[in-house]
Amino acid sequence: MINLLSCGFFSCPKDSVRGNQDSYVLPTPTGKGFLFAVADGVGSYEGAKEIADTATSALRSFNNENITDIQKTFLVLKEKVDAVVDAKSEWINAATTLSFCFVDHEALYVGHIGDTRVYVKKGAKLQLITKDHTQHQELFDDGIYTKKELRDLPGKNTLTSAISRNIALRFQSVKFPLTELADENGLITVYIMSDGAHHFWEQRPRLSLETISKAPKFAASLLRRIERSGPIDDYTLIAASFQISK
């Protein structure tokens with residue numbers, strides 16, 4: 001069995017006038033596990049918020065037999081987005097990123113597209129388990145630039161993949177047996193962050209072990225960090241801790 005122990009969460013707009021383009025699914029019982037997600041509507045295009053909401057709303061209709069088929073899930077989500085855009089032609093360029101997690105007593109399933117990120121707690125650190133679909137990431141993967149060289153180049157936030165009427169699907173699908181993730185007490189903690197949140201985490205990716213281990217404390221600490229510095233984008237975090245038992 002798997003039980004949700006605690007959850008830390010925030011989702012805030014950078015600009016209250018423009019509103020929050022992020023959308024989310026808080027940990028929700030789904031079949032024999034829990035589903036949660038963060039989507040980030042690409043803010044420069046009309047309809048971005050609505051497309052992000054379309055993706056997260058569609059996710060809520062899945063059961064655990066379907067959600068573990070990541071490819072099928074993304075195909076269905078794109079069909080939903082395409083149908084919305086076909087009915088609203090002025091949203092033709094709208095797009096959204098999406099990272100979703102489904103965890104049951106056997107494994108953590110992750111579907112990912114764009115530059116939202118998924119981390120898991122490993123010891124006293126957070127381990128990134130998704131890869132950004134951005135120009136910088138592709139230049140690094142191709143060995144053209146080092147991470148240090150990329151810091152001074154434009155294109156850090158330029159997406160190379162998203163859920164959109166105009167873009168062919170290219171996504172990441174990963175599955176981790178819980179035996180690889182659970183600590184000695186059978187606990188697993190997973191974090192999903194939009195880019196407006198993980199930007200500040202990556203600037204200083206460390207907190208006390210107690211804070212990292214407790215989802216509400218982690219959320220409160222990262223929220224304070226973002227608001228002290230001033231947000232650079234809409235910022236969303238879902239941190240969820242689960243207890244695995246036989």
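Residues are numbered from 1 along each chain as its sequence is written, and side-chain values use heavy atoms, with hydrogens and water left out. Because the model is predicted, local features need pLDDT of at least 70 and side-chain atom pairs count only at pLDDT 80 or more, whereas totals for chains, interfaces and linings use all residues.

The pLDDT, the predictor's confidence in each residue from 0 to 100, averages 87 over the protein, and 87% of the residues score at least 70. Over residues 135-145 the pLDDT is below 50, although this stretch has 23 contacts (heavy atoms within 4.5 Å) beyond near neighbours in sequence.

Helices (H or I, at least four residues) and strands (E, at least two) are DSSP runs, numbered from the N terminus. Strands E2 (residues 22-30) and E3 (residues 33-41) pair, a term that requires at least two DSSP bridges, in the antiparallel sense over seven bridges. They form a hairpin with two residues between them, where Gly31 has a positive phi of about 60 degrees, and Thr30 stands opposite Gly33.

A nonpolar core is a set of buried Ala, Val, Leu, Ile, Met, Phe, Trp, Tyr and Cys residues joined through side-chain atoms within 4.5 Å, buried being under 20% relative accessible area, exposed over 50% and partly exposed in between (1.4 Å probe, protein chains only). The largest core has 24 residues, and Leu59, Ile67, Phe74, Leu77, Leu98 and Phe100 touch the most other members. Its largest share, five residues, comes from H3.

Finally, Cys7 counts as partly exposed because its relative accessibility is 30%, while Cys12, at 17%, counts as buried.
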